[in-house]
Amino acid sequence: MDTNYAIRGECAVVCPEGQLNLLTAVKLKDSLIRLVGEGVKRLVVDLGDVPFVDTSGLGALISGLKAARLAGGDLRLARVDARAKQLLAITSLDRVLTVHDSVEEALAAFETVSR
Amino acid sequence: MYELSSLLQPFAAFCLVAFLVMISRFLVSRFTFRNGRLIGRRVFVAPRIDPHSGKPGWERPSTPMSPACHWPRLTRVLVSMNVVAGFWFMSWRWPAVNWEHWWIAVPLVLAETHLFIEILFVATTLWNLQAPTEPPPPMPDATVDVYVCTYNEPVDLVRGTVRASKEITFPNTRTYVLDDGNRPEMRRMAEDEGVGYITRTAEWQGKPRHAKAGNIANAMLQTTGEFILLQDADQIPYPEIVDRMLGYFSDSRMAMVQSPQWFYNCPPSDPLGSQQPIFYGPILQGKNRFNSSFFCGSNGMLRREALMQAGVLQYVEAMEERVRKAVDAAEPLLEKALWENRRSDNPSGRLEQALVLLFEEVQRVREGLRQRLPLQDLTWGFQQRAHRIARDLVAADLAELQRRMDEDSLPKDVARPALYDLEDPDLADRLARAGLSPLQAFDVARRLVDMIDLHRGEEAIPVQGFTTFSVTEDMATAYFLHQHGWKTHYHHEILARGMAPEDLPSCLSQRLRWSEGAFQIALRRNPITAPGFTLSQRLFYIHSFLYYFTGVSTVMVLLGPIMYLLVGWPAIRADSSSGMLTHFLPFLLTSQVTFLFWSWKLDAWRSIQYGIAFFPVFIKAIDNAVRDALGLRQSRFVVTPKEALEGVHLGSARWQVMFLVVLTFSAFVGLWRVAAGWDPHPLATLVNVLWAVVDVILLSVVIDAATYRPVISEAELRERERESCRVGTLVTAE
């Protein structure tokens, strides 16, 4: 699995490619935590090119969320396919994470301060 | 009454014979005879390390199987008779309560009813026992990690386990030593043996370590097998262990498969009751039928996906609870700040306004929780708006301060508040750190932002597969997985050999931890109301927790004959006591016959004795768990010692010994009264004497246990080996 990212203003858009499973989760987790360590606190993980996610993958995303939140930022998910959405529902992680349809929507969500 | 007395004599004779048989069995087990002549005392030489490692020809011990598995019809007939006789007994027992001495009579009848309910559960288990079948074939492509968990065990002991797990025949298997003691010599051993070595990562520094559960959670992030075989440091697997268990996971909902724990350092008489042939036998086998067998910490396999899912589910649970609690705590905090502002010498209108705004924001979060909006949006939105409220307030106050200072035309070298950049996102921190902000609102907002968050910063790893709300993480995790629809299976075949505690104090502390853990589960996630269980799972879990209350019931059963024989408080009305023979005897006989049948090959007698003799442990566990739940103490995971303590440990069995003495004494008092012809109700007295004798026989196990001495010195051991005595068997001490 490759993990590319693009810096958009204060935010980083992380685009993993390939399966996000027990073999690749650690890699994603490490790159998320490294980004936060480098001072990028607002992360969008674009799952558009990820055909399969398992619970280890969710674990990596949660680790990223923890790191971002501890630094005062946030981690958001964009372009989640139907199967991954189903997994989010089974693990009830959709109670915690918001799923955005596009990267733009996710980026905009960082700015929702208005009442 | 005359007809009854004629029954009394055969009854007494039967009891006497049974008693003599038991005594002689006990004596025979202690001595060695040759050609009918006594030649010495029997001593069990417990091996220090597994004597069979690497030796060819060492075969797995056969797994004892209850005859009830093979004779289902006969089992059901016996069980039905027993249950009917039990109801017959109960129908007499309740009306026979002697209300004159209700303070002893009512607790006693409740205790007997509880023990009867236990029998009903055993009956259900036996009724549903199935003959074990061959396990399904393993999936050839699956990958398996073997975790050898260690904390303080000697390196050589772990080495034995590691070597054995390298011999596992299933191809895609990798072994890891999970060393929670972080010992260099253990690392060297792992390197020598060419297996993985895992210790806690830096993330765990200063965070709760969660004992074995944390050790496993830490390792799960560093290995990649789809399935995990958990072995305690001393549990040495046989090569076929994975082949025999993996196949069950071809059912994609199967989360855990457990195999029995069997101990090679126990003598056949098993004085500490370690082998637990009833538990690793009919109890777990019976639970299979209802998908409610649980995990027992070692010799079991787990599906990583299931564990991770449990971890994510628990994370979400923890986050929801966190936000809900934070919202509950936020309101009093804000009210207090409002009140302090109003009461102060110089109440600020702006502060009041900001606090009210914050209050509204908290209400929005509460409303969002009610509508089940994602916590991420709720908390993020709240944090951003709280920040803005606080910042606006600071800006206004600083501007005010600036204006006043300009009016007062202070000298230019005084630090001006305007030096602060209001757009600086770190302003809040910097103001607070400098102690500059006069604004409680600011402080309050900061605290709220900290509280209403998602980070789970108090944990080293946010997603941990094993549940950590109980000191018996294995049972708690199975409980959690059952709640979420996963399956478990108990595979009844010995696939590993291990070491049991070898002295009474260690054995008691281990039992205490198990019972305490079970109570913690029951108190934190009440099995009666916990969602997700099927009805039978719910009943079996309720029973698992109810079981530990037998500790209380046992005390009543032990007190019963003492109260009658010494104090003269009969628990049963005198006019009903004749019913003993017609109502109690059938129940007693059917229970005994049923037990003899299903436990025929199991050596279950120890388990029965310990079921009674562990009563102080069970009571202490109840006490500990309640104080734990009330926050009066912190329970912790105690690693069961692998080295036996020297000496005699009657002190740790003081309650049992006390009851032994008093029961024996009261039995003599009763016999003497009947013999002297003073007793107005000889039948009732004799029944109580019998009852006391049975109690004594059951409790006497602690004497065996307290004086059990498996450890002999190295020199002695070598000498015995030279004498070509097979270690691990009975030898004769001349």
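Trainee: How many disulfides are there over all chains?

Mentor: A disulfide is a covalent bond between the sulfur atoms of two cysteines. With the rule that a disulfide is a pair of cysteine sulfur atoms within 2.5 Å, the count over all chains is zero. For Cys15(A), the closest cysteine sulfur belongs to Cys11(A) and is 13 Å away, which is too far for a bond. Before we go on, note that this is a predicted model, in which local features need pLDDT of at least 70 and side-chain atom pairs count only at pLDDT 80 or more, while totals for chains, interfaces and linings use all residues. Residues are numbered from 1 along each chain as its sequence is written, chains are lettered from A and ligands numbered from 1 in the order in which they are written, and side-chain values use heavy atoms, with hydrogens and water left out.

Trainee: Which strands make up the open sheet of chain B, and in what order?

Mentor: Strands of a sheet pair through backbone hydrogen bonds, either parallel or antiparallel. Strands here are DSSP runs of E with at least two residues, and helices are runs of H or I with at least four, numbered from the N terminus; two strands pair if DSSP finds at least two bridges between them. The open sheet has seven strands in the order β5-β4-β3-β6-β9-β8-β10 (chain B), with mixed pairing. Its edge strands, each pairing on one side only, are β5 (196–198) and β10 (487–490) of chain B. Within the sheet, β3 (residues 144–150) and β4 (residues 173–179) of chain B run parallel and are joined by seven bridges, and Val148(B) has Val177(B) in β4(B) as its bridge partner.

Trainee: Which helix lies across β3, β8 and β9 of chain B, and at what angle to β9(B) does it run?

Mentor: Angles run from 0 to 180 degrees between N-to-C directions, with axes fitted as lines to C-alpha atoms, for helices over the stretch in contact, where contact means heavy atoms within 4.5 Å. Helix α10 (residues 304–343) of chain B lies across these strands and runs at about 65° to β9(B).

Trainee: Which residues touch the most other members of the largest nonpolar core?

Mentor: A nonpolar core is a set of buried Ala, Val, Leu, Ile, Met, Phe, Trp, Tyr and Cys residues joined through side-chain atoms within 4.5 Å; buried means under 20% relative accessible area, exposed over 50%, and partly exposed in between, with a 1.4 Å probe and protein chains only. In the largest core, of 139 residues, they are Leu77(A), Leu93(A), Val96(A), Tyr147(B), Leu230(B), Tyr315(B) and Leu699(B). The largest share of this core, 17 residues, comes from α10(B).

Trainee: Is β4 of chain A enclosed or exposed, and why?

Mentor: Five of the five residues of β4 (residues 74–78) of chain A are buried, so this strand is largely enclosed by the rest of the structure. Asp74(A), Arg76(A) and Ala78(A) point one way, and Leu75(A) and Leu77(A) the other way. Strand β3 (residues 42–46) of chain A pairs with β4(A) in the parallel sense over five bridges, with Arg42(A) opposite Asp74(A).

Trainee: Where does His210(B) lie?

Mentor: His210(B) is in the loop between β5 and α7 (211–220) of chain B, and its phi is near 55°, a positive value in a residue other than glycine. At 21% relative accessibility, His210(B) counts as partly exposed.
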